[in-house]
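Me: I have a two-chain model open and want a quick walk through it. Can we go chain by chain, then look at where they meet?

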Amino acid sequence: MAPKHFDNFDQYGIGIGLRVPHLNHILERKPLVDWFEIISENYMVDGGRPLATLDRILEQYKVVQHGVSLYLGSAEPLNREHLRKLKALVRRTKTPWLTDHLCWGSVDGRYTHDLLPMPYTFEAAKVTARKVRQVQDFLEVPIAVENVSSYAEFHVSEMAEWEFLNEVVERADCGILLDVNNIYVSSRNHSFDPRQYVDAVPPERVAQIHLAGHSKFEKYILDTHNHPVAGPVWKLYERALQRCGPVPTLLEWDDRIPSFTEVHTEALKARRYLPSQLKVSA
Amino acid sequence: MKLLQIQRGVAAALMTPLTAGGGIARKAKSGALMSREAARFIKPNDQLTSLERLEIYSKSYWFRLIDSLYDDFPGLAAILGWNAFERLAKAYLAECPSRSFTLRDLGSQLEVWLRKNPKYVGINRVLALDMVRLEWAHIQAFDRPEHRTLGPEDLVGMSPGLRLAVQPYVSLLDLAFPVDELRVKISDLEDVSDNASNTLLKQKHHAVHKVSRAVPKPMFLAVHRFDLVVYYRRLSAEEFRLLQALRSGKSVASAIRLAFQGSSLNQDQIPALLKGWFAIWAELGWLSGRPTKRRSTKLQ
């Protein structure tokens with residue numbers, strides 16, 4: 001069995017994504033929250049309000065970093081300046097693990113600022129795994145990669161998405177941030193059984209789980225993070241926990257963001273599915 | 001097909017500007033039909049063609065980046081109106097795609113690009129350029145680093161040969177229009193109104209019209225932050241020149257000489273002015289020691 005990188009964090013409980021509209025509420029009222037996930041790029045700056053605010057959050061809360069632009073699946077080499085800034089932030093937050101997406105988004109130094117799906121090929125798996133290892137070595141913190149939601153599939157793919165995910169994490173010896181909403185969205189867009197995906201993931205590598213809402217359109221489903229978590233997604237979450245045991249869980253809400261209390265209440269619904277020993281702290 | 005080849009092909013396709021109607025371009029930059037380009041890489045399914053699947057990503061790319069530019073340059077958008085701003089944003093992004101991992105840097109080339117492409121700002125060229133410089137300075141003031149600040153006590157008895165630095169988050173702008181007031185007005189309006197309302201559009205138009213009708217005249221501005229909030233502070237020509245000279249590495253004595261060259265101020269006014277300016281700058285935290293090769297400059 002592969003090494004269990006993330007055993008120490010089983011008791012992390014339920015967190016929510018730190019978002020600007022909630023900052024005043026959090027800093028003034030100091031609500032009880034197990035942990036916050038920050039978007040690394042929002043704090044990879046040299047000074048001013050973002051870092052001052054982050055420092056105040058760090059005084060009160062546990063923080064885990066989540067990135068959106070490492071582009072581990074891009075064929076081009078890692079951006080050294082990006083890594084240097086990321087490492088400075090890792091030292092500041094003391095994040096116990098760090099996550100980013102199993103995707104690509106830049107080519108020849110040009111950035112799309114999107115999470116583009118990978119062609120599921122062995123070549124792509126090798127390239128991605130090598131980059132994950134480089135990041136892990138440089139940052140000296142465990143890395144977990146997140147499955148993205150997707151709206152396109154490539155002709156050249158040689159395997160299913162979950163097989164590609166497994167190929168990458170085994171080669172890189174890293175963790176998985178399992179986004180069960182993304183699995184659901186992609187399953188509807190590409191007509192596969194989401195339970196097969198969840199069942200195929202190596203449970204010992206699942207470091208964290210993401211929950212979020214999505215939007216239905218006529219011909220596809222979009223990962224919009226602007227709704228409560230849908231029923232089928234909660235079912236996938238329950239299935240994932242049955243396989244993986246207690247895993248740190250995080251609710252993302254990025255658009256049409258309601259009050260802090262509403263977001264936190266939605267996140268705490270995850271308690272229903274967590275093993276009983278975690279419900280006290282959550 | 002190799003990974004790099006796929007990524008180059010898909011990125012080129014989705015970064016091709018959308019049609020005027022907001023759909024994916026019909027032709028790729030190479031002249032090939034976009035539907036063929038999409039089909040080279042992307043599988044269709046029972047609901048969507050390859051092109052429709054690619055279009056989801058292309059629209060997402062353009063909407064995200066244009067929205068991001070709008071968030072950073074609301075004053076420019078108010079001057080131009082939404083349609084002209086969108087045309088400008090598309091042309092700018094097509095020529096200057098993002099080369100940074102962060103969207104914060106998206107507008108970093110906008111001033112230079114606009115100087116080369118003035119047709120996108122029409123008759124309000126000078127006003128628009130002033131606003132772009134102000135709004136980029138605003139971004140700098142928000143999150144640029146702060147070096148160790150020299151307080152009032154550090155400046156007591158400073159030597160004329162001393163070289164000081166101005167904090168990186170302070171931008172010094174020479175402008176022709178009072179875009180500071182216009183930007184504050186636009187922000188205030190957006191804070192209290194629904195972004196799409198007709199009333200807001202009329203109020204913005206009125207505010208822009210008032211400023212654009214003014215006769216351009218030199219004005220000097222510092223864009224800075226204090227207690228983590230971004231502020232605009234008007235400067236006299238002499239104060240502006242002095243700060244610029246200090247920033248460029250001139251000694252305090254040389255900077256003062258440059259600042260008052262050709263000034264109409266009476267010589268006997270100058271000592272009191274200098275005392276006041278240095279006191280204010282120190283209070284605002286604008287000054288820091290200038291790093292040397294070996295160690296930071298120390299005040300005697």
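Predicted model: local features only at pLDDT ≥ 70, side-chain atom pairs only at ≥ 80, totals over all residues.

Me: How many helices and strands in chain A?

Reply: Ten helices and twelve strands. These are DSSP runs numbered from the N terminus: helices are H or I with at least four residues, strands are E with at least two. The C-alpha trace spans about 50 × 40 × 40 Å along its principal axes.

Me: What share of chain A is buried?

Reply: 49% of its 282 residues. Buried takes 20 or more other C-beta atoms within 10 Å of the residue's own, with C-beta atoms placed from the backbone.

Me: OK, chain B. What is its secondary structure?

Reply: Chain B has 13 helices and five strands. Its radius of gyration is 24 Å, well over the 19 Å from the globule rule for 300 residues, so chain B is more spread out than a compact globule. Its C-alpha trace spans about 80 × 50 × 35 Å along the principal axes. Of its 300 residues, 35% count as buried.

Me: Which residues of α12(B) are buried?

Reply: Val252(B), Ala255(B) and Ala259(B), in a helix that runs over residues 252-260. They fall within an arc of 60° seen down the axis, so they line one face of α12(B). The arc is that of the directions from the helix axis to the C-beta atoms.

Me: What covers them?

Reply: The cover includes β1 (164-166) and α11 (237-247) of chain B. After α12(B) comes Gly262(B), with a positive phi near 75°.

Me: Now the interface. How many residues are in contact?

Reply: 38 residues of chain A are in contact with 40 of chain B. Contact means C-beta atoms, placed from the backbone, within 7 Å.

Me: Which element of chain A gives the most?

Reply: β6(A), with six residues. The elements giving two or more are α2 (49-60), β5 (104-107), β6 (110-116) and α4 (122-139) of chain A.

Methods. Residues numbered from 1 in each chain as written. Chains lettered and ligands numbered in written order. Rg over C-alpha atoms; globule rule 2.2 N^0.38 Å. Buried ≥ 20, exposed ≤ 12 C-beta atoms within 10 Å, placed from the backbone. Contact = placed C-beta atoms within 7 Å.
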